[in-house]
Amino acid sequence: MSQPKPDPSSFSSPNSLSNWLKSRLPSDSFASWGIKPGTKNVHNLWLEISEGETSLLDSIPPVRTVNVVSVRIIDENGRILLESKQELSDGTHRERNRPLSEKMKPDESVEEAVLRAISEELGSIIDNDVSSIVKINTGSYKKKVEERVSLSYPGLPACYVLHTVDAFVQGLPTEDFCTEEEEYSECSELGAADKAVHVKKHFWKWVESDSF
């Protein structure tokens, strides 16, 4: 019998979530959140839960479940676009080396998530409406589940439901480039967003398909 997910409304604030986690996570791991380079803090997790992007299983330790869209952007030469690293608001960098990816919103289709992800992470260098320059290869869609400890939240096991799809984006630079993002700019919980660690820049590189 599966254990229940806690009601998101029970976490009225980041502090209430912090208190709930303290008794369920190793103290040294939880203490490193937002302190260890490349990690996020409890405000980030609370925002994910509030926005419906993440659910937590009421277990010890809890298990974080996230639906993620992963977009393999492929150019005319068959190269794949990878995000090499991110620059965070605390000045640290987080290594990525993976295709563009984004947590999905509740009731969001894969196609909607793809367009939103491209708009949010590549939008600073895109002049046109995203839907007019993106071609999604719906036949490439794959779904798989990965379970691993989250790098963003040390000590917190995660279950990632990955929705992978190929796409072509017209007009991207042919060499390595970076983009800027105003993460949480449309968030309704501005108080928590101000204290959360957020992404400032994305760094991108093209790689040959046989090397990834």
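**A guided reading of the predicted model**

In helix H3, the buried residues are Val42, His43, Asn44, Leu45, Trp46, Leu47, Glu48 and Ile49. H3 spans residues 42-50 and is mostly covered, with 8 of its 9 residues buried. At the start of the helix, Asn41 places a side-chain oxygen within 2.9 Å of the backbone nitrogen of His43. After H3 comes Gly52, which has a positive phi, near 80°.

The peptide bond that joins Ile60 to Pro61 is cis, with an omega of about -5°. Most peptide bonds, by contrast, are trans.

The next region carries a label from a record. An unreviewed UniProt entry annotates residues 66-134 as "domain: Nudix hydrolase". In the model, this span is 25% helix and 41% strand, and its end C-alpha atoms are 25 Å apart.

The largest nonpolar core has 23 residues, of which Val69, Val71, Ile73, Leu81, Leu100, Ile118 and Leu122 touch the most other members. At least two residues of this core come from each of strand E2 (63-73), helix H4 (110-122), helix H5 (130-133), strand E7 (157-169) and strand E9 (199-207). The greatest contribution is that of H4, which gives 6 residues. Leaving aside residues up to four places away in sequence, Ile73 touches Arg79, Ile80, Leu81, Leu100, Ile118, Leu122, Ala167, Val169, Leu172 and Trp206. There is also a second, separate core of 18 residues, and among its members are Phe30, Trp33, Ala192 and Ala196.

Two further residues deserve attention for their backbone angles. Most residues other than glycine have a negative phi. Asn97 is not a glycine, yet its phi is positive, at about 50°. This residue, Asn97, belongs to strand E4, which covers residues 93-98. Asn97 has a relative accessibility of 38% and therefore counts as partly exposed.

Asp107 likewise is not a glycine and has a positive phi, here of about 65°. Its position is in the loop between strand E5 (100-103) and H4. Is Asp107 buried or exposed? With a relative accessible area of 83%, Asp107 is exposed.

Notes
Residues numbered from 1 in each chain as written. Predicted model: local features only at pLDDT ≥ 70, side-chain atom pairs only at ≥ 80, totals over all residues. Heavy atoms only, no water. UniProt positions renumbered as here; feature names shortened; annotations may be inferred. Helix = DSSP H or I, 4+ residues; strand = E, 2+ residues; numbered from the N terminus. Core = buried A, V, L, I, M, F, W, Y, C linked by side-chain atoms within 4.5 Å. Buried < 20%, exposed > 50% of the residue type's maximum accessible area, 1.4 Å probe, protein only. Contact = heavy atoms within 4.5 Å. Polar contact = N/O pair within 3.5 Å; in protein donor to acceptor, adjacent residues only side chain to side chain.
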